[in-house]
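Open the model in your viewer and keep the selection tool at hand. Each stop gives you something to select, then says what is there.

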Amino acid sequence: MSGGAIPRLVIAAPSSGAGKTTVATGLMAAFAEAGLVVSPHKVGPDYIDPGYHSLATGRPGRNLDAYLCGPGRIAPLFLHGAAGADLALVEGVMGLFDGASGRGELASTAQVAKLLRAPVVLVVDASSQSRSVAALVHGFASWDPEVRLAGVILNKVGSDRHEELLREAMDSSGVPVLGALRRDGRAGTPSRHLGLVPVAERRAEAVESVAELAARVRAGCDLEALLALARTVPELPDAPWDPAAELSVAEGVTTPERPLIAVAGGPAFTFSYAEHAELLAAAGAEVAAFDPLRDERLPPGTRGLVIGGGFPEMYAPDLSANAPLRTAVAALAASGAPVSAECAGLLYLSRSLDGKPMCGVLPAESRMTERLTLGYREAVALRDNALAAAGTRVRGHEFHRTALEPGAGADPAWGLTHPERRVEGFVSGGVHASYLHVHWAAEPSLAGRLVASAARGAVAGNSA
C-alpha cells in the first residue's frame with residue numbers, strides 16, 4: 001500500500017465533553033495491542049492529549065492545526081507523521097464543525113477530515129437521550145456533504161435497555177453504530193486548570209488508565225469494522241512534509257556546524273511539538289533533552305536553549321530550589337547564546353514565579369491568576385532577533401492562567417496584529433521569550449535561525 005493511502009479515521013464529537021479523548025486513546029491502545037503500528041494525531045494546538053496518544057501507541061503524538069500551519073500543510077504533516085504506520089487515528093477538537101473563531105471552518109475537525117479525505121466516526125454522549133440521538137446524528141451527517149460521517153460510537157450508555165433503544169433509533173439514520181461504551185469512571189484522567197494532567201506528571205497511573213481504556217474499547221467497539229472503514233480511504237496526492245527540504249528553501253538558515261541545542265523537558269515543561277526537534281536536527285543541531293526539576297547542569301557543550309510550555313506554576317518551589325541550573329541558564333543567556341522560551345519558559349526566565357526565585361533573565365515578575373487567556377493570535381517580529389528576522393509573520397496560540405508584569409520589554413518579542421493590537425514578550429541579547437506558542441513547521445526559518453545563531457556563538461554558561 002502506498003504511503004498516501006495509509007488507513008485512517010477521524011474521531012470527532014458533536015461537542016467537547018462527549019468522550020473523544022477517551023475513545024480515541026482507547027482505540028489507539030487497542031489497535032496497538034493487537035499488533036498494528038498506529039500513528040496518533042490531534043486536531044488543534046493542544047499539547048496534552050498527544051501525550052496520552054503517544055503512551056497508547058509508542059509513537060510521537062502529532063498535531064494537525066490548519067490555523068497555525070495552514071491548510072496546505074495538513075496532509076504533508078500527516079503523511080510525515082504516519083510514515084510506516086498500519087493505521088492512523090486523528091482525534092478531533094471541540095465539536096466537529098467548530099474552528100477558529102470568526103474564520104468559518106478553518107482549523108475545525110471537519111476541515112482536517114476533508115483535507116485528509118478521511119471518514120469520520122462521531123462519538124456521541126448518549127447519557128441523556130434515546131431516540132433523539134438519531135436526529136442529532138442525521139443533522140451532523142447532512143450539514144456538510146463533503147464530510148463523510150461514516151459511523152457512530154455511543155458513549156456513556158446507561159444499561160442494556162438504553163443501548164437497545166439507541167441502536168433501534170440509529171437503524172433509521174443510515175449511519176452504522178460501530179461501538180457502545182458504558183458509563184465508567186474507572187479509566188478517568190484527572191483534570192485541572194488547563195485540561196488533563198499531562199502524562200509526564202502521572203506516568204504510572206496514566207499507563208493503567210490507557211490500559212483500561214483499551215480494554216473498554218475492545219469490549220464495546222467493533223474493531224474489525226473500524227479497521228475496514230479506515231481502509232476505504234483514497235490515496236493522498238501530497239508529498240510528506242520534510243524538515244530538511246523545508247529548511248533548504250529558506251536561504252542562510254542551515255549551518256555546517258553541529259551546535260548543541262538543549263531542550264527543556266520533564267514534568268514542568270511538557271508542551272512541545274515533535275516537529276520542532278526534527279527541524280532543529282535538520283538545521284544542523286545536536287538536540288539534547290534536560291529536566292529543570294532534576295538536572296543541575298545544562299547538557300555539556302550547550303550553545304542554545306529551547307524552553308517550551310508546560311506547568312511551571314505547579315513546580316515553582318522545586319524549580320526555584322534547583323539554584324545551580326537557574327544560575328547556568330542565566331549565564332548562558334548572559335553570554336548572548338540563543339534562548340527561545342514560550343509560555344512556561346517565559347515564566348522560568350522571569351525574576352520570580354508566585355514569589356519563588358526563577359532564573360532572573362527577564363526584568364519581570366510572574367504569578368498564577370484566575371483568568372484564562374486562550375485563543376489564536378497573529379503576530380509579527382518587530383526587530384531582528386535570534387529566533388526571527390524583523391517582519392516575520394507567524395500565527396500562534398495563547399493558553400495560560402498566569403500573568404507577567406510587565407508583559408513586554410523595551411524590545412518586545414512580537415507585535416500582535418489579530419485579534420487585538422498590542423506588543424508582547426521580550427527580546428534581549430539572544431533571548432526571545434513570549435507567551436505565544438508557535439508551530440515551527442509553519443515557519444521553519446525559526447529553527448534554522450536559532451541553530452545558525454548557536455553555531456556562531458561560543459560554549460558558555462554550562463559549567464556552573
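**Stop 1: a loop residue.** Select Arg131. Arg131 sits in the loop between β5 (120–125) and α6 (132–143). This is a predicted model. Is Arg131 buried or exposed? Its relative accessibility is 70%, and exposed means over 50%, so Arg131 counts as exposed. Arg131 and Pro363 lie 232 residues apart along the chain, and their C-alpha atoms are separated by 60 Å.

**Stop 2: a helix with a buried face.** Select α9, residues 223–230. Colour Leu223, Leu226, Leu227, Leu229 and Ala230: these residues are buried. Now look down the axis of α9. The buried residues fall within an arc of 160°, so they line one face of the helix.

**Stop 3: the second largest pocket.** Select Phe269, Thr270, Phe271, Ser272 and Tyr273. Of the 35 residues that line the second largest pocket, these lie nearest its centre. The pocket holds about 880 Å³ of space. Next, show the elements that give two or more residues to its lining:

- the helices α2 (48–57) and α11 (274–282)
- the strands β10 (260–264), β11 (286–290), β12 (302–307) and β13 (339–342)

Which element gives the most to this lining? It is α2, with 5 residues. Colour the lining by class and you get 22 nonpolar, 11 polar and 2 charged residues.

**Stop 4: the largest cavity.** The whole structure has 2 cavities of 30 Å³ or more. The largest cavity holds about 60 Å³. Select Gly310, Glu313, Cys343, His400 and Thr402, the closest to its centre among the 12 residues that line it. Then show α14 (344–349) and β17 (393–405), the elements that give two or more residues to this lining. The largest share, 4 residues, comes from β17. By class, the lining of the largest cavity has 7 nonpolar, 3 polar and 2 charged residues.

**Stop 5: the second largest cavity.** Select Ser340, Ala341, Glu342, Leu387, Trp414, His432, Leu436, Val438, Trp440 and Leu446. These residues line the second largest cavity, which holds about 50 Å³ of space. Which strand gives the most to this lining? It is β13, with 3 residues. The lining of the second largest cavity divides into 7 nonpolar, 2 polar and 1 charged.

How values were computed:
Residues are numbered from 1 along each chain as its sequence is written. This is a predicted model: local features need pLDDT of at least 70, side-chain atom pairs count only at pLDDT 80 or more; totals for chains, interfaces and linings use all residues. Side-chain values use heavy atoms; hydrogens and water are left out. Buried means under 20% relative accessible area, exposed over 50%, partly exposed in between (1.4 Å probe, protein chains only). The arc is that of the directions from the helix axis to the C-beta atoms. On a 1 Å grid over the protein atoms alone, a cavity is a set of points where a 1.4 Å probe fits but cannot get out, and a pocket is an open set with protein on both sides within 12 Å along at least five of seven lines; lining residues have an atom within 4 Å of a point. Grid points are joined across faces, edges and corners, and a volume is the space filled by probe spheres set on the points. Ala, Val, Leu, Ile, Met, Phe, Trp, Tyr, Cys and Pro count as nonpolar, Asp, Glu, Lys and Arg as charged, and the others, Gly among them, as polar.
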